[in-house]
Amino acid sequence: MIAIERRSFPAPWSLAMFVLELSKPSSVCLGATYDGVLIGYLVCSRYHTVWHLMNVAIDSRYRRRRVATALIERLLSETGGGGERYTLEVRVSNAEAIQMYESFGFRSAGIRRRYYHDNNEDALIMWRTDLPADPSAIASADSSQD
């Protein structure tokens, strides 16, 4: 993971950051392998009622082959379906990632100014909310607001 991280980002996570996030009982880490070798990963942590997609990285030799898409699909299938909420930050210049997140229903919700310390680039804040698995939950929520 560390090798992919260092090759993927100008300001990579440290080993301590990985250990901290992965030691949380509410964290989810998914890996993608090819011929038994790790080629990508995703780290997501739950904070109270929100899943925070914190890190997605794919080895450069395997990008644009839907590896990140498969990891996010797996994350959503394992954690979603009950009105779950997800958030993430992404560099405003990373148009391909933004487009991919939008394809999963993430929507822009604001900007974090100078979020990335390597170059002071802004981050786009994105959110996604799943519909409840039980359609009657929507009706119940709507009627309780009357």
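Guide: Welcome! Two residues are in contact when they have heavy atoms within 4.5 Å of each other. Keep in mind that this is a predicted model.

Visitor: Which residues is M126 in contact with, leaving aside its neighbours within four places in sequence?

Guide: Under that cut-off, M126 is in contact with Y86, T87, L88, V90, I98, Y101, E102, F106, R107, S108 and A109.

Visitor: What makes a set of residues a nonpolar core?

Guide: The members must be buried residues of the listed types, such as Leu, Val, Tyr or Met, joined through side-chain atoms within 4.5 Å. The largest such core has 28 residues, and L42, L53, V90, Y101 and M126 touch the most other members. Two or more residues come from each of β1, β2, β3, α3, β4, α4 and β6. Helix α3 gives the largest share, six residues. There is also a second, separate core of six residues, including I4, F18, Y41 and A57. In soluble globular proteins, nonpolar side chains tend to be buried together.

Visitor: Why does R91 count as buried?

Guide: Buried means under 20% relative accessible area. R91 has 15% relative accessibility, so it counts as buried. R91 belongs to strand β4, residues 85–91. Residues up to four places away in sequence aside, R91 touches P10, I98, Y116, D118, N119, E121 and D122.

Visitor: And why is Y34 called partly exposed?

Guide: The label covers values between the buried limit of 20% and the exposed limit of 50%. Y34 has 47% relative accessibility, so it counts as partly exposed. Y34 sits in strand β1, residues 27–34. Not counting residues up to four places away in sequence, Y34 touches I39 and Y62. Y34 and Y62 are 28 residues apart in sequence, with their C-alpha atoms 9.4 Å apart in space.

Visitor: How do you know that the buried residues of α4 are on the same side?

Guide: The buried residues in α4 are A97, I98, M100 and Y101. They cover an arc of only 160° around the axis, so they lie on the same side of α4. On the other side of α4, A95, Q99 and S103 are exposed. The cover over the buried residues of α4 includes β3, α3, β4 and β6.

Visitor: What makes the length of helix α3 close to the expected one?

Guide: The expected span is 1.5 Å times one less than the number of residues. Helix α3, residues 67–79, has 13 residues and reaches 18 Å from its first C-alpha to its last, close to the expected 18 Å. The buried residues of α3 are V67, A68, T69, L71, I72, L75, L76 and T79. These pack against β1, β2, β3, β4, α4 and β6.

Visitor: How many helices and strands does the protein have?

Guide: Five helices and six strands. Along the sequence, the pattern is α-α-β-β-β-α-β-α-β-β-α. Of the 146 residues, 39% count as buried.

Key: Residues numbered from 1 in each chain as written. Predicted model: local features only at pLDDT ≥ 70, side-chain atom pairs only at ≥ 80, totals over all residues. Heavy atoms only, no water. Helix = DSSP H or I, 4+ residues; strand = E, 2+ residues; numbered from the N terminus. Buried < 20%, exposed > 50% of the residue type's maximum accessible area, 1.4 Å probe, protein only. Arc of directions from axis to C-beta.
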